[in-house]
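Hello,

Please find the structure below, with the sequence.

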Amino acid sequence: MTVVKYGSESWALRKADENLLDVFQRNCLRIVLGTRLTDRISNSRLYEKCGSIPLSGAIMKERLRWLGHVLRMKDDRLPKIVLFGQPSGATRKAGRPCLGWEDVINKDLKEMGTSWEGVKREALNRL
């Protein structure tokens, strides 16, 4: 699954995209185990047999790990400038804005029950 996850720390995935990735992973795991859908193995049992976690969860961990790296960077580094900078003179199209990386991080942090301040504190404590 490492090929599938390559560069995933920068992906801003919708829930539908995460579900598709999880379905793909489960299909691959079923092929590796030699089982079929008709064998009626639950998803949790499938992950347990393979010693794996859902791909969406692994991608979330990668995103949060990358966030920690970026938070520890010096302020003049390009990844930090791009992540936390605001473009000047840019206008958006009408309608709902596209889901951004920061929006996905906020969702991940909410799922984990933590906040930006807690993550910043933990990231800076590693120094």
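A residue is called buried under 20% relative accessible area, exposed over 50%, and partly exposed in between. Please keep in mind that this is a predicted model.

Cysteines. A disulfide is a covalent bond between the sulfur atoms of two cysteines. The structure has 0 disulfides. C28 takes part in none, and the nearest cysteine sulfur to it, that of C50, is 11 Å away. A disulfide requires the two sulfurs to be within 2.5 Å, so the sulfur of C50, at 11 Å from that of C28, is too far for a bond. C28 counts as partly exposed because its relative accessibility is 22%. C50 is also partly exposed, at 29%.

Salt bridges. The count is 10. Three of them are described here.

- E18 and K15 pair at 3.8 Å, N to O. Both residues are in helix α2 (residues 15-33), 3 residues apart, which is about one turn of the helix. E18 is buried at 5% relative accessible area, whereas K15 is exposed at 55%.
- E62 and R65 pair at 2.8 Å, N to O. Helix α4 (residues 55-72) holds both, 3 residues apart, or about one turn. R65 is partly exposed, with 47% relative accessible area.
- D108 and K107 pair at 3.8 Å, N to O. D108 is buried, at 0% relative accessibility, and K107 is partly exposed, at 30%. Through shared partners, salt bridges link K15, E18, R63, K107, D108 and E111 into one network.

Regards

Note on methods:
Residues are numbered from 1 along each chain as its sequence is written. This is a predicted model: local features need pLDDT of at least 70, side-chain atom pairs count only at pLDDT 80 or more; totals for chains, interfaces and linings use all residues. Side-chain values use heavy atoms; hydrogens and water are left out. Buried means under 20% relative accessible area, exposed over 50%, partly exposed in between (1.4 Å probe, protein chains only). A salt bridge is a side-chain nitrogen of Lys or Arg within 4 Å of a carboxyl oxygen of Asp or Glu. Helices (H or I, at least four residues) and strands (E, at least two) are DSSP runs, numbered from the N terminus.
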